[in-house]
Amino acid sequence: MAAQPRYRVKRVYDAPDADDGRRVLVDRLWPRGISKQQAAIDHWAKEVTPSTELRRWYHADPEARRAEFETRYRLELDNDTARDVLARLRREAAAGPLTLVTAVKEPEHSHVPVLLGELAESPAGEGR
């Protein structure tokens, strides 16, 4: 029986912790004022972040656009490259803790919950 994947979410401005496991940056842009050494990122998963256009559209009115943002973001994740990265992240999480790292001020009101939802789904045929 496979281990239950464990995902953590952490702001890049918070100090890395030994319990973080693998740290994956899930932002389109590199966080301002943070060096690569400070961030302690193992992988930068740009391929599973919202496009610049979608991110700008959403931030113009996040409360009113949340539901539509989630729909559009899921559509952006529906491609071979994103599916491959999601599969890789699932495998890494199954092997040990995986921390999704972001610079957003409120991760719970960003793309991160949608990404966690996608990671929780296990598509048919995965595990190759």
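A: A polar contact is a pair of N or O atoms within 3.5 Å; within protein, one atom must be able to donate a hydrogen and the other to accept it, and residues adjacent in sequence count only if both atoms are side-chain atoms. This is a predicted model, in which local features need pLDDT of at least 70 and side-chain atom pairs count only at pLDDT 80 or more, while totals for chains, interfaces and linings use all residues. Residues are numbered from 1 along each chain as its sequence is written, and side-chain values use heavy atoms, with hydrogens and water left out.

The part to look at is helix 3, with what packs on it. Helices (H or I, at least four residues) and strands (E, at least two) are DSSP runs, numbered from the N terminus.

Helix 3 covers residues 62-76, and helix 2 covers residues 52-60. Their axes come within 8 Å and cross at roughly 165 degrees; axes are lines fitted to C-alpha atoms, for helices over the stretch in contact, and angles run from 0 to 180 degrees between N-to-C directions. Helix 2 is therefore roughly antiparallel to helix 3, since angles over 145 degrees count as roughly antiparallel, under 35 as roughly parallel, 65 to 115 as roughly perpendicular and the rest as oblique. The crossing of helix 2 and helix 3 is left-handed, a term for a near helix turned anticlockwise from the far one by less than a right angle, with right-handed meaning clockwise.

Contact means heavy atoms within 4.5 Å. On the helix 2 side, the residues that meet helix 3 are Leu54, Trp57, Tyr58, His59 and Ala60. The partners in helix 3 are Pro62, Arg65, Arg66, Glu68, Phe69, Arg72, Tyr73 and Glu76. This contact of helix 2 with helix 3 has seven nonpolar, one polar and five charged residues (Ala, Val, Leu, Ile, Met, Phe, Trp, Tyr, Cys and Pro count as nonpolar, Asp, Glu, Lys and Arg as charged, and the others, Gly among them, as polar).

Helix 3 also packs with helix 5, at an angle of about 45 degrees and with the axes 10 Å apart. Helix 3 and helix 5 are therefore oblique to each other, and their crossing is right-handed. Arg66, Glu70, Tyr73 and Arg74 of helix 3 meet Pro113, Val114, Leu115 and Glu118 of helix 5. Here the residues divide into four nonpolar, no polar and four charged.

Apart from residues up to four places away in sequence, Arg66 touches Tyr58, His109, Ser110, His111, Pro113 and Val114. His109 is 43 residues from Arg66 in sequence, yet the C-alpha atoms are 8.6 Å apart in space.

Ser110, one of the residues touched by Arg66, is found in the loop between strand 4 and helix 5. Ser110 is buried, with a relative accessible area of 5%. A polar atom of its side chain lies 2.7 Å from the backbone oxygen of Pro107. With neighbours within four places in sequence left aside, Ser110 is in contact with Arg66, Phe69 and Val104.

The loop that holds Ser110 also holds Ala103, with strand 4 spanning 98-102. Ala103 has 19% relative accessibility and so counts as buried. Its contacts, not counting residues up to four places away in sequence, are Arg11, Val12, Tyr13, Asp27 and Pro31. Between Ala103 and Val24 there are 79 residues along the chain and 12 Å from C-alpha to C-alpha.

Helix 5 has a further partner. Helix 4 (residues 80-95) packs with helix 5 (residues 112-120) at an angle of about 75 degrees, with their axes 9 Å apart. Helix 4 and helix 5 are therefore roughly perpendicular to each other. Leu86, Leu89 and Arg90 of helix 4 make the contact with Leu115, Glu118 and Leu119 of helix 5. Four of these residues are nonpolar, none polar and two charged.

Asp20 is buried, with a relative accessible area of 0%. Its side chain makes polar contacts with the side chain of Arg23 at 2.6 Å and with that of Arg8 at 3.0 Å.

Terms used: Buried < 20%, exposed > 50% of the residue type's maximum accessible area, 1.4 Å probe, protein only.
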